[in-house]
Amino acid sequence: MPSFIPYEAFGAVGDGRADDLPAIVKAHQEANRLHLPVKAQAGATYYLSPKGLTATVQTSVDWTGAHFIIDDVGCENPGAPIFHVASAMEPLSLAVSSMADGQTTLPNPHGCDLFVAVENANHRDYIRKGLNQDNGHTRTDVFVLDASGRLSSPLSFDFEQITRLAAHPIDNKPLTLTGGHFTTIANQAESKYNYHYRNIHITRSNVDASGITHRITGEGDHGAPYNGFIRLSDCARVHIHDCLFTAHRIYWTIGSANLPVPMGSYDIRLDRTAEIRISRCTQTTDIHDNRYWGLIATNFCRDLVFEDCHFSRFDATWA
């Protein structure tokens, strides 16, 4: 049995012109089946076409020395990530009907650490006024519940009723994403809220991502916004470090009040996460250049640590 899976074994060319996305998807499928890491070829340039394909990643990946061109012009499915870093473990159930502000314990019958997201869809928080007015968002809180039944941080809200509770086991073995130079050819879509997710989407806990570089080319006078080149959701204990990101151009659209508004577009996006650490990361774009939107947004997150980072604009809406 090989020690790792190369993209070339499934037909990847790496010349920057041939579409390597189908081969990359197949390589990760085989790596997941055999529980082997994936390794890109140093010096290769993999062209990832606008096809609506996603590579599910359940083993460690080494992209060191390789380049990836992500072509978003006319992409088939803007909502499909390029890579989805996912756990092989299924969510678990917790028998709980209500929780209280400040609560620090919760029975955990599963004997393992869990990432938990709790919601009450009958209560709305963070109702926005102004040009981008809305009706608010479902009451949400997240936390890590350890094997002994202790919450990582006290609960922030009262939940008189719970309409959804998701408990995801935290993988014991870390998964690593190492290196890689990624360049996105920006979409040329209409400037409206049609967020693009052609990215690395992490929903697995216990992940270490390092040495990743992301640049953007082809931005013009219009385009749809992005929701993170690296996006985390419903996970915990992820470390992103020694990475280089790029801010996106600001585009304008008509907001919910029927007046022009700038659209938020991000290179890092965190939704419903806990115990996330981002260290020694920076961006290619000047933080004082107001042609570009800020770099990072977080929603419904807790216990975030930033160390030695150089980012423009941190949107912490609903955090």
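**Close-up views of the predicted model**

View 1. Aspartate 242 sits in the loop between E17 and strand E18 (244-245), where strands (E, at least two residues) are DSSP runs numbered from the N terminus. Although aspartate 242 is not a glycine, its phi is positive, at about 55°, and with a relative accessibility of 36% the residue counts as partly exposed, a class that lies between buried (under 20% relative accessible area) and exposed (over 50%), as judged with a 1.4 Å probe on protein chains only. Aspartate 234, placed within strand E17 (residues 227-241), likewise is not a glycine and has a positive phi, of about 50°; aspartate 234 is buried, at 13% relative accessible area. Most residues other than glycine have a negative phi. The model is predicted, so that local features need pLDDT of at least 70 and side-chain atom pairs count only at pLDDT 80 or more, while totals for chains, interfaces and linings use all residues. Residues are numbered from 1 along each chain as its sequence is written, and side-chain values use heavy atoms, with hydrogens and water left out.

**View 2. Strand E7 and its parallel partners.** Strand E4 (residues 45-48) runs parallel to strand E7 (residues 67-71) and is joined to it by four bridges, pairing being assigned if DSSP finds at least two bridges between two strands. In this pairing tyrosine 47 stands opposite isoleucine 69 of E7. E7 also pairs in the parallel sense with strand E13 (residues 181-185), over five bridges, and here phenylalanine 68 stands opposite phenylalanine 182 of E13.

**View 3. A stacked phenylalanine pair.** The whole structure contains 13 aromatic pairs, defined by rings of Phe, Tyr and Trp (its six-membered ring) with centres within 6.5 Å, planes under 30 degrees apart being stacked, over 60 edge-to-face and the rest tilted. Phenylalanine 68 and phenylalanine 182 form a stacked pair, 4.6 Å centre to centre with 10° between the planes. Phenylalanine 68 lies in strand E7 and phenylalanine 182 in strand E13, so this pair ties together parts that are 114 residues apart in sequence.

View 4. The structure holds two cavities of 30 Å³ or more, a cavity being a set of points, on a 1 Å grid over the protein atoms alone, where a 1.4 Å probe fits but cannot get out, with lining residues having an atom within 4 Å of a point. Grid points are joined across faces, edges and corners, and a volume is the space filled by probe spheres set on the points. The largest cavity has a volume of about 70 Å³, and its lining includes Asn187, Glu219, Tyr226, His248 and Arg249. The second largest cavity, of about 40 Å³, has among its lining residues Thr184, Arg198, His214, Tyr226, His248 and Asp267. E17 and strand E21 (266-279) are the elements that give two or more residues to the lining of the second largest cavity.

Definitions and conventions
1 Å grid on protein atoms, 1.4 Å probe; cavity = no way out; pocket = protein on both sides within 12 Å on 5 of 7 lines; lining within 4 Å.
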